[in-house]
Amino acid sequence: MFKRNLFVKAVAILFIALFISCGNGGGSKSLNWKLGHNFTETHPVHKALMQFAADVEKGTEGRVKITIFPNAVLGDDASMIEQLQGDVIQMMKVSTSFVEVFSPLYGIFSIPYLFDSREQFFKAMNTDAVKKIYDSSRPQGFVALTYFDSGSRSFYTKNKAIMHPNDLKGLKIRVIPSPIFVRMIELMGGAATAMPFGEVYTAIQTGTVDGAENNVVSLVEMKHSEVAKQYSFDEHSMTPDVLIVNTTSWDSLSEEDRAIILAAAERSTQTGIELWAQRTEEAMVEAEQQGVTFNYPDKTPFQTATASIIEEQMKDPAKAEIITAIREVK
């Protein structure tokens, strides 16, 4: 009996030691977080995230290590966000247009022509109003820490220049599965087709869709410029990407480590802005070399066609408060 009790105590002590060493925020063993996204390794956001991961490991003295999985190797956005909610992965980069189906306040970023200029966009993204959007998804198991510049989204098609909303009539346009984006296309007379980002190339090539809407960097990075030869700068939205984190993992960290990670995230945002500007210039040159024609339509008809969206969104008091705060930023 005595030996049996010693054995039980030894097992108990071993279990407690393992629990302490493996627990979040405890012991000497580092946390190994996974971060997924659907961009290539040459994309500005990937490079900014690589800096972020390095800064986090250094700042936490190895307590938190982040491994980045690009190119949608962990699955498309829908799959990754399901993994994130289950804490299978701890972080991911995602467009705010995608997560609005989880938390409606994120849909504010999808409103056409919400921002008057790039300067206003950058100022607005650093306000308390935007932080309210970031925190609104906590009940769904994640919060946003920061954003990444994604430029302006515009239309591109296989062979038709979009110079007026009427040019979209009868066309099938790929969009993110966002109710607001779907509504935007409908108001312009087109047919919105939601599909994963990785399927767009083949869809345009085979005629499943006539075109898509995104920024110039994505046009080139995802090789859409090989199959879509008309890009029209209507610049209907400045929808950012956000870095989101599983709330269980986030809340398990010490206050010190959360502060270190937040500071690293903010630095990565600034790096991303600088890299984005550089990559956009390069992408335009590359696209033109591939035979893409850039068109510059008058934005007024596009703004008029979609004006009712902001009016519809303002009917929600929670959204109205944030929209008003963003619009007041000068």
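This is a predicted model: local features need pLDDT of at least 70, side-chain atom pairs count only at pLDDT 80 or more; totals for chains, interfaces and linings use all residues.

**Helix packing and its surroundings**

A: In the protein chain, contacts between residues 24 or more positions apart make up 76% of those with a separation of 6 or more. The chain has 330 residues, of which 51% count as buried, and it contains 13 helices and eleven strands.

Two packed helices are described by the angle between their axes and the distance between the axes. For helix H2, residues 44–59, and helix H11, residues 255–289, the axes come within 8 Å and cross at roughly 155°. Since angles over 145 degrees count as roughly antiparallel, H2 and H11 are therefore roughly antiparallel to each other, and their crossing is right-handed. On the H2 side, the contact involves Pro44, Lys47, Ala48, Gln51, Phe52, Asp55, Val56 and Gly59. These meet a set of H11 residues made up of Ile260, Ile261, Ala264, Ala265, Arg267, Ser268, Thr271, Gly272, Leu275, Trp276 and Arg279. Sorted by class, the residues of this contact comprise ten nonpolar, five polar and four charged.

A second pair can be set beside this one. The axes of helix H6, residues 128–135, and helix H13, residues 317–327, come within 9 Å and cross at roughly 145°, and here the crossing is left-handed. H6 contributes Ala129, Lys132 and Ile133 to the contact, while H13 contributes Glu321, Ile322 and Ala325. The residues of the H6 contact with H13 divide into four nonpolar, no polar and two charged.

Returning to H2, the loop that lies between this helix and strand E2, residues 64–69, holds Glu61. Most residues other than glycine have a negative phi, and most peptide bonds are trans. Glu61, which is not glycine, has a positive phi near 55°, and because its relative accessibility is 68%, Glu61 counts as exposed. Glu235 also has a positive phi, in this case near 50°, but Glu235 is found in a strand, E9, which covers residues 230–237. With a relative accessible area of 26%, Glu235 is partly exposed.

The loop between helix H9, residues 216–221, and E9 is where Lys223 is found. Lys223 is partly exposed, its relative accessible area being 48%, and once neighbours within four places in sequence are left aside, Lys223 is in contact with Tyr201 and Ser218. Between the C-alpha atoms of Lys223 and Leu84, which are 139 residues apart along the chain, the separation is 28 Å.

Ser97 is found in helix H4, residues 96–99, and its relative accessibility of 0% is why Ser97 counts as buried. The side chains of Ser97 and Ser110 are joined by a polar contact of 3.0 Å. With neighbours within four places in sequence set aside, the residues in contact with Ser97 are Ser110, Ile176, Pro177, Ser178, Phe181 and Thr239.

Note on methods:
Residues are numbered from 1 along each chain as its sequence is written. Side-chain values use heavy atoms; hydrogens and water are left out. Axes are lines fitted to C-alpha atoms, for helices over the stretch in contact, and angles run from 0 to 180 degrees between N-to-C directions. Helices (H or I, at least four residues) and strands (E, at least two) are DSSP runs, numbered from the N terminus. Angles under 35 degrees count as roughly parallel, over 145 as roughly antiparallel, 65 to 115 as roughly perpendicular and the rest as oblique. A crossing is left-handed if the near helix is turned anticlockwise from the far one by less than a right angle, and right-handed if clockwise. Contact means heavy atoms within 4.5 Å. Ala, Val, Leu, Ile, Met, Phe, Trp, Tyr, Cys and Pro count as nonpolar, Asp, Glu, Lys and Arg as charged, and the others, Gly among them, as polar. Buried means under 20% relative accessible area, exposed over 50%, partly exposed in between (1.4 Å probe, protein chains only). A polar contact is a pair of N or O atoms within 3.5 Å; within protein, one must be able to donate a hydrogen and the other to accept it, and residues adjacent in sequence count only if both atoms are side-chain atoms.
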